[in-house]
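The entries below follow the order of my checks.

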Amino acid sequence: MDKYAKSIIYGIRCKTTNKLYIGSSTESLKTRLGKHITDLRGYMGYKNNKPRNYRSSFEVLFNENYEIFKIEDFECNSKRELEIRESLHIYNNDCVNKRLAVKINPKDYDLSSLPSCPSLT
């Protein structure tokens, strides 16, 4: 089975600031969150973590008060298709993402078909 057949679009929301980060993955939410946390630890200089450059997901992780959630399952055939879908969600939401996964012209897509991000729980 192709790994992109089980792709997801996900959000991480800071419960303190209500800031939202949007990403996509072919991995489970737990695995993907673990990688975000490892990146943050590397950025912060924690021992045994490889140094990392700043990533916009850190803005929702800094307070250590966040939730990760699935926005939608997105069956697709390639990384590019997944990145286009992620970019549409980034464009359609107020989020901390500094750049789109791929450059798109949102006018070429029907944004009304996108599921909305859940509110804080």
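**Entry 1**

I started with Asp39, which is buried, with a relative accessible area of 10%. The model is a predicted one, so I treat every value here as computed from it.

I looked for a charged partner next. The side chain of Asp39 meets that of Arg52 in a salt bridge, at 2.5 Å from N to O. I then placed both residues: Asp39 sits in helix H1 and Arg52 in the loop between H1 and H2, so the pair ties together parts 13 residues apart in sequence. Arg52 has 25% relative accessibility and counts as partly exposed.

**Entry 1: other salt bridges**

How many salt bridges does a search of the whole structure find? I got eight.

I picked out Glu27 and Lys35. Their side chains form a salt bridge, with 2.5 Å from N to O. Glu27 is partly exposed at 29% relative accessibility. Lys35 is partly exposed at 39%.

Then I checked Lys98. It forms a salt bridge with Glu59, and the closest N and O atoms are 2.6 Å apart. Lys98 lies in the segment after helix H3 (79–92) and Glu59 in helix H2, so this pair ties together parts that are 39 residues apart in sequence.

Glu59 counts as buried, at 16%. I also noted a network of salt bridges that links Lys19, Glu59 and Lys98.

**Entry 2: cysteines**

I searched for disulfides and found zero. The cut-off I applied is 2.5 Å between the sulfur atoms.

Which cysteine sulfur is closest to that of Cys76? The one in Cys117, but at 18 Å this is too far for a bond. Cys76 is buried, at 4% relative accessibility.

I repeated the check for Cys95. Its closest cysteine sulfur is also in Cys117, 7.8 Å away, and that is too far for a bond. Cys95 counts as buried too, at 17% relative accessibility.

I followed up on Tyr46. Where is Tyr46 found? I located it in the loop between helix H1 (29–44) and helix H2 (58–61). At 45% relative accessibility, Tyr46 counts as partly exposed.

**Entry 3: the whole chain**

I listed the secondary structure last. The protein has three helices and three strands. From the N terminus on, the order is β-β-α-α-β-α.

Then I took the dimensions. The C-alpha trace spans about 45 × 35 × 25 Å along its principal axes. The radius of gyration is 15 Å; a compact globule of 121 residues would have one near 14 Å, which agrees.

Buried residues make up 42% of the 121 residues. The protein exposes about 7,500 Å², and carbon and sulfur atoms supply 45% of that. I also took the contacts between residues at least 6 apart in sequence: 60% of them join residues at least 24 apart.

Note on methods
Residues are numbered from 1 along each chain as its sequence is written. This is a predicted model: local features need pLDDT of at least 70, side-chain atom pairs count only at pLDDT 80 or more; totals for chains, interfaces and linings use all residues. Side-chain values use heavy atoms; hydrogens and water are left out. Buried means under 20% relative accessible area, exposed over 50%, partly exposed in between (1.4 Å probe, protein chains only). Helices (H or I, at least four residues) and strands (E, at least two) are DSSP runs, numbered from the N terminus. The radius of gyration is taken over C-alpha atoms; the globule rule is 2.2 Å times the number of residues to the power 0.38. Contact means heavy atoms within 4.5 Å. Accessible areas come from the Shrake-Rupley method with a 1.4 Å probe; for residues, only the protein chains shown count as cover. A salt bridge is a side-chain nitrogen of Lys or Arg within 4 Å of a carboxyl oxygen of Asp or Glu.
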